[in-house]
Amino acid sequence: MPAARSSSRSRSTGARGQGGAQALPWHQAEPGPVVLVTGPEQLLAERAVERVRDACRGRSPELEVVAVDAAAYRSGELSQWTSPSLFEEARLVVVSGLEAAPDALVTDVTAALGTLPDDVVLVLRHSGGARAGALLKAARELPGAVLVECPAVKTSAEQRAFAQTELRSHGRTIDDDALDALLLAVGSDLRSLAAACSQLADDVPRGAGQGGRAARLTADDVDRYYGGRAEVTGFKVADAAVAGQRAEALRLLRQALESGLDPVPLVAALALKLRGMAKVASAGRGSPDALAKGLGMAPWQVRTTRDALRGWTPDGIAAGITALAEADEAVKGGGRDPRYAVERAVIAITTARAG
């Protein structure tokens with residue numbers, strides 16, 4: 001028996017986009033008679049389509065989902081899926097690859113616009129380029145249409161925003177320094193970052209903390225799961241810096257920067273190192289096994305951190321942390337030259353150890 005008839009569409013509430021379409025970010029995508037998903041970032045587009053599908057299915061559990069691949073399209077096929085259903089079944093038709101669509105598909109989609117039954121939602125995916133431009137313009141002008149733009153995620157700020165959104169979708173939040181460490185460990189590949197967020201959200205216990213802290217991920221959580229996996233260019237810089245090896249630390253730092261590593265996670269790696277040293281130094285004597293749990297570290301981390309503490313004084317650690325706080329502000333927009341800021345921090349750390 002068909003589900004009770006319930007429109008798969010909803011009224012968009014986002015800002016007015018190009019044409020008459022309502023513009024929504026990918027993480028707020030919702031159904032309309034036509035949902036236009038544009039831009040080169042494929043993962044964001046997939047997330048947007050998933051949200052539209054889930055919303056449609058929430059209203060019509062027996063939703064029929066039809067995937068149309070532009071490359072394999074044959075003339076007239078679209079009308080089979082966008083015509084009124086005898087059984088009043090809701091349908092979601094997702095047309096992918098419009099940027100390389102054959103003429104037949106462009107003609108059929110154009111003809112379908114404005115004649116779609118109430119229970120058909122048509123998603124059009126176009127990754128960029130001039131192909132099917134007239135079709136895109138017509139889709140934007142359709143009353144109730146939704147426009148979801150998925151631009152390339154390039155900058156550190158955009159990657160951070162993506163990871164935070166991913167974690168929120170799992171009911172988790174993350175400390176700023178933990179996010180820095182995660183980006184350092186995983187890198188800028190968006191799918192890898194999404195997978196890491198999912199793993200952390202699933203695997204890190206929520207505990208019994210109060211005030212939302214139970215669901216919040218910390219730098220220790222990230223270090224526990226990804227500290228050993230990182231490509232550790234940043235961690236290598238940190239290891240050399242706290243060992244007082246100024247020339248080696250600067251060489252590694254410049255190499256990391258030249259390879260494209262952002263100064264923000266480099267500062268985060270240095271901060272993780274010094275904070276760990278401060279924690280272990282303040283814990284006093286005791287076996288690594290006994291101290292590890294209270295410090296939120298693995299026993300081997302306590303041992304290696306103790307090794308790193310040789311040659312350091314409490315004042316030296318404090319001076320290093322102060323230098324990193326200044327660098328952190330500089331690399332996050334407070335300074336003119338983020339690369340120089342992190343280099344200056346490395347010099348300050350090696351000086352603090354020698355002192």
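**Pocket, sheet and cores of the predicted model**

The largest pocket has a volume of about 560 Å³. Its lining comprises 23 residues, and those closest to the centre of the pocket are Asp 223, Leu 272, Lys 273, Gln 301 and Thr 305. Four helices, α8 (219–226), α9 (233–242), α11 (263–283) and α13 (299–308), each contribute at least two residues to this lining. Helix α11 provides the largest share, with 7 residues.

Beyond the residues up to four places away in sequence, Ala 308 touches Val 242, Lys 273 and Met 277. Lys 273 is also one of the residues closest to the centre of the largest pocket.

Stepping back to the whole chain, the model contains 15 helices and 9 strands. Of its 355 residues, 46% count as buried. Among contacts between residues at least 6 apart in sequence, 74% join residues that are at least 24 apart.

The parallel strands come next. Strand β4 (residues 64–69) runs parallel to β5, and 6 bridges join the two. Within this pairing, Ala 67 stands opposite Val 94 of β5. Between β4 and β5 the chain passes through helix α2 (residues 77–82), and this β-α-β crossover is right-handed. Strand β5 (residues 91–96) has 5 of its 6 residues buried, so the rest of the structure largely encloses this strand.

Strand β5 also pairs with strand β6 (residues 120–126), again in the parallel sense, over 5 bridges.

How many of the residues of β6 are buried? The count is 7 of 7, so β6 is largely enclosed by the rest of the structure. In a regular strand, side chains alternate between the two faces of the sheet. In β6, Val 120, Leu 122, Leu 124 and His 126 point one way, whereas Val 121, Val 123 and Arg 125 point the other way, and all of these residues are buried.

The largest nonpolar core has 48 residues, and the members with the most contacts inside it are Val 37, Val 123, Val 148 and Leu 182. Helix α6 (residues 176–186) gives the most to this core, with 8 residues. Setting aside residues up to four places away in sequence, Leu 182 touches Ile 174, Gly 187, Leu 193, Ala 196, Cys 197, Leu 200, Val 222 and Tyr 226. Apart from this core lies another, of 38 residues, which includes Ala 241, Leu 257, Leu 291 and Met 297.

Glu 166 has its place in helix α5 (residues 156–169). With a relative accessible area of 4%, Glu 166 is under the 20% limit and so is buried. Leaving out neighbours within four places in sequence, Glu 166 is in contact with Trp 26, Arg 47, Ala 194 and Cys 197. Cys 197 is also among the residues that Leu 182 touches.

Note on methods. Residues numbered from 1 in each chain as written. Predicted model: local features only at pLDDT ≥ 70, side-chain atom pairs only at ≥ 80, totals over all residues. Heavy atoms only, no water. Buried < 20%, exposed > 50% of the residue type's maximum accessible area, 1.4 Å probe, protein only. Pairing = 2+ DSSP bridges. Right-handed = clockwise from strand over helix to strand, strands pointing away. Core = buried A, V, L, I, M, F, W, Y, C linked by side-chain atoms within 4.5 Å. Contact = heavy atoms within 4.5 Å. 1 Å grid on protein atoms, 1.4 Å probe; cavity = no way out; pocket = protein on both sides within 12 Å on 5 of 7 lines; lining within 4 Å. Points joined across faces, edges and corners; volume = space filled by probe spheres on them.
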